[in-house]
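The sequence and the coordinates come first.

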Amino acid sequence: MVLDITKPKDYIDLAASLSKELAQFAVERDAKAGVPEEEINRLRETGLLPLIVPKQYGGIGATWIDALKIVRKLSKADGSIGQLYGNHLNLTALGHVSGTLAQKEKYYRETAKNNLFWANAINTKDTRLKINLEGENFRVNGVKSFGTGISIADYRVFSALEDGVELPFIFIIPKERKGLVSNQDWDNVGQRRTDSSSYTFNNVLVEKDEILGPPNPPGSAFSTFLGIIAQLTKTNVYLGITKGAFAAAREYTKTTTKPWIRSGVDSATQDPYILHHYGDFWIEIQAAIALADQAAEKVQAAWDKDVDLTYQERGEVAMPAASFANAVSAAKALATRVGIDITNRIFEVTETRATATKYGFERYWRDLRTFTLHDPVDYKLRAIGDWVLNDQLPVITQYS
């Protein structure tokens, strides 16, 4: 059977099949770390890279609802590939949301036609990268951290500051651009196959039309919208990792875990405390998924408005006085809480032998603990509380 990736069922099934494939050697890849070239090549081969590119530009034209479910499926197998793919999807829409009409068409068409992979190091908190005008174009020098997937990306997105200018420039350069060097310094406890190294720029050329924007129309609410989608994408990476941990622990418990000597039963699957834990896990996961899926419906409703999206609608979508941005924040906060809890507690239902490195059960916690630190959940909860008590919508930032 040849899968027709223009049909939702087929591309979702294709992602599920790829997820199972990637899961087979995820433990070995995690231990190895390094550049995720084989994983990205498999994504290219499946044809899933232009997933959210609209059909009129040659893409699949999937909704964010389906796209985020695919991010979740891939993250279940490997948190690193889920993060890389989720980032890629967000970035393929960058020209649409924050660029000119010409950039929107160019980047959508080229992504679909040439099966391109995107990555970024936008982190605006890192101000070491400087951009300066040189004739009609620009030159960039300095260092930028968290270049997640940059080494294998066809299009690379960065932010840099010009002296005396408060807002950063966002620019997009091709892989072959000279003067960019990976420092190969990504050696963190989790998300080890994202290759999120820092990069040094040595007088790198940036052409004027590679500077993103200004969006059309300027100052629209839609031009700020990708940050919210990115937050929900991260939420689904967290949920996928958590589901992966749950599935791996469940299989181990059913086949290997021994009941405790005072349990009075012959099988771990009948141990009362193990049953209690799994019941708790399942409820937590279902609640977090339901909240994330509700937020995805709101994201799609806002996305469909495109440049007609108002700032009020950005804050309140689907029902009166229901803060949309806070819906995404709530989903992210709950997914973080549930994920950290379950990936820690799976050892209580798998016992001592499960800590052997050959199983790699600890990678789920390491991946979640690393990636959930991307931006503080505490500020999400504070914003939700301010909305609940004071009817204040969240301040628009890169993270909200």
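## Core and overall form

The largest nonpolar core holds 106 residues, and those with the most contacts inside it are Leu51, Tyr85 and Phe171. A nonpolar core is a set of buried Ala, Val, Leu, Ile, Met, Phe, Trp, Tyr and Cys residues joined through side-chain atoms within 4.5 Å. Buried means under 20% relative accessible area, exposed over 50%, and partly exposed in between (1.4 Å probe, protein chains only). In soluble globular proteins, nonpolar side chains tend to be buried together.

The model is predicted: local features need pLDDT of at least 70 and side-chain atom pairs count only at pLDDT 80 or more, while totals for chains, interfaces and linings use all residues. Residues are numbered from 1 along each chain as its sequence is written, and side-chain values use heavy atoms, with hydrogens and water left out.

The secondary structure of the chain comes to 13 helices and seven strands; these are DSSP runs numbered from the N terminus, helices being H or I of at least four residues and strands E of at least two. The radius of gyration is 22 Å, close to the 21 Å that the globule rule gives for 400 residues, so the chain is as compact as a globular protein of that length. This radius is taken over C-alpha atoms, and the rule is 2.2 Å times the number of residues to the power 0.38. Along the principal axes, the C-alpha atoms fill a box of roughly 80 × 50 × 45 Å. Buried residues make up 54% of the 400 residues. Of the contacts (heavy atoms within 4.5 Å) with a separation of 6 or more, 74% are between residues 24 or more positions apart.

## Helix α5

Helix α5 (residues 79-92) has 14 residues and reaches 20 Å from its first C-alpha to its last, close to the 20 Å expected at 1.5 Å a residue. The expected span is 1.5 Å times one less than the number of residues. Because 14 of the 14 residues of α5 are buried, the helix is largely enclosed by the rest of the structure. Aspartate 78 caps its N-terminal end, with a side-chain oxygen 2.9 Å from the backbone nitrogen of serine 80. Leaving aside neighbours within four places in sequence, tyrosine 85 is in contact with Leu43, Leu48, Leu49, Leu51, Ile70, Val71 and Leu74.

| Residue | Relative accessible area |
|---|---|
| Aspartate 195 | 3% |
| Arginine 29 | 6% |
| Serine 145 | 14% |

Arginine 29 is in helix α2 (residues 26-32). A polar atom of the arginine 29 side chain lies 2.8 Å from the backbone oxygen of leucine 22. Beyond four places in sequence, arginine 29 touches Leu22, Glu38, Glu39, Asp78 and Arg193.

Serine 145 is in the loop between β3 (137-144) and β4 (155-160). Its side chain makes a polar contact (2.8 Å) with the side chain of aspartate 126. A polar contact is a pair of N or O atoms within 3.5 Å; within protein, one must be able to donate a hydrogen and the other to accept it, and residues adjacent in sequence count only if both atoms are side-chain atoms.

## Backbone geometry

Aspartate 195, in the loop between β6 (180-182) and β7, has phi near 50 degrees, a positive value in a residue other than glycine. Aspartate 306 also has a positive phi, of about 55 degrees, and lies in the loop between α9 (272-305) and α10 (311-315). The peptide bond from glycine 213 to proline 214 is cis, with omega near 5 degrees. Proline 214 is in the loop between β7 (199-206) and α8 (226-255).
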